[in-house]
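Subject: Structure for you to look through

Dear colleague,

Please find the sequence and the structure just below, and keep them open while you read the notes that follow.

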Amino acid sequence: MMSENMYESVSELVKDLYGDSVSITRKDSVAGGDINLAYRVCLSCGTDIFVKTNSLCNEGFFEAESKGLSALCSVKKIGVPKILGRGSDNQKGYSFLALEYIESSPRITSYWETFGHELAGLHRAETAAFVNVESAGDRYGFSEDNYIGASPQKNCPAKKWTDFYRECRLMPQLAMAERYLEPSLRKKADRLLDHLESYLREPEFPSLLHGDLWSGNMLCGPDGKVWIIDPAVYVGDFEADLAMTQLFGRLPERFYEAYSQVNPIDRKGYRERKRLYDLYHMLNHLNLFGTMYLGNVMEIIEEYS
């Protein structure tokens, strides 16, 4: 994984990377995201960088994001922004993460097909280096815990995917959602957890996942291909990433067809399992944003009860 530098201010980072004569000339807000403030920072040398900021107490967001981007970059399958450095400005009271600014070029003709091939390649890559193995046979998890949005995301190592998904994905979110769930619904959710093996498969191989792969975390990069940002990385079943590409607006069918050329999809089985992967994200949205997502959660739990 890539190393990164820590800085006490964005200005210090700029001078270290670009020289003492370079300064910040402009800072423009960039829209998108509910968690951090984001800026396009223009430098006197003509270079732009991308800077995210949050409170000092949320510095962990940026440490986790850096490690996720580093893991994705190390596989060398899909474009991700280069990490320039991160740190905390104690005088101004914020933490920050600086990345290369992604300048988009026109999309290549095979934009979605290429992304399908590249994502499938990522999912078929070796994963052993990314799991903090505690005992022989651990295949799922990540080197440390991170975040899904602003929510903590557990990544304890596990031998079985079903155990990992139950204990590190659904159970923590259901515990956080306790105040929203009627006792009868929580009982149905508990039964679902008890019988999760009846619905989920044990995949043939583990995959490094982006973890939050909706269209808002895909950009067209300088090469005209998809670059991915804002990861919630872990090692799991690739179907979880595919499900997220459909949750808030399905990608074009040619993406899925191209993906399946490299990493075949069990389409019937996937359709039966997909909503369980949606449940994790719907629970997270319920916990982050409130009752507007309760109906979605109820519907999925009822579907499998």
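Which residue just after α6 takes a positive phi? Glycine 249 does, with a phi of about 120°. Before going further, please note that this is a predicted model, in which local features need pLDDT of at least 70 and side-chain atom pairs count only at pLDDT 80 or more, while totals for chains, interfaces and linings use all residues. Residues are numbered from 1 along each chain as its sequence is written, and side-chain values use heavy atoms, with hydrogens and water left out.

The overall picture

The protein has nine helices and twelve strands, where helices (H or I, at least four residues) and strands (E, at least two) are DSSP runs numbered from the N terminus. Its radius of gyration, taken over C-alpha atoms, is 20 Å, close to the 19 Å that the globule rule (2.2 Å times the number of residues to the power 0.38) gives for 305 residues, so the protein is as compact as a globular protein of that length. Along the principal axes, the C-alpha atoms fill a box of roughly 65 × 45 × 40 Å. Of the 305 residues, 53% count as buried, a word that here means under 20% relative accessible area, with exposed meaning over 50% and partly exposed in between (1.4 Å probe, protein chains only). Among contacts (heavy atoms within 4.5 Å) between residues at least 6 apart in sequence, 65% join residues at least 24 apart.

The six-stranded sheet

Six strands form an open sheet with mixed pairing, in the order β1-β5-β6-β4-β3-β2, and two strands are said to pair if DSSP finds at least two bridges between them. β1 (6–7) and β2 stand at the edges with a single partner strand each, so one side of each is left without a neighbour in the sheet.

Strand β3 (residues 37–43) is mostly covered, with five of its seven residues buried. Five bridges join β3 to β2 (residues 24–29) in an antiparallel arrangement, and six bridges join β3 to β4 (residues 48–55), again antiparallel. Valine 41 in β3 can be followed across both pairings, for lysine 27 stands opposite it, and its bridge partner in β4 is isoleucine 49. β3 and β4 form a hairpin with four residues between them, and glycine 46 in the turn has a positive phi of about 100°.

Two helices to look at

How many of the ten residues of helix α6 (residues 238–247) are buried? Ten of the ten are, so α6 is largely enclosed by the rest of the structure. What covers these residues includes the helices α3 (111–123), α7 (253–262) and α8, together with the strands β9 (207–209), β10 (218–220) and β12 (234–236).

In helix α9 (residues 294–303), the buried residues are Leu294, Val297, Ile300 and Ile301. They cover an arc of only 135° around the axis, which puts them on the same side of α9; the arc is that of the directions from the helix axis to the C-beta atoms. These buried residues pack against α5 (183–194) and α8 (267–289).

With best wishes
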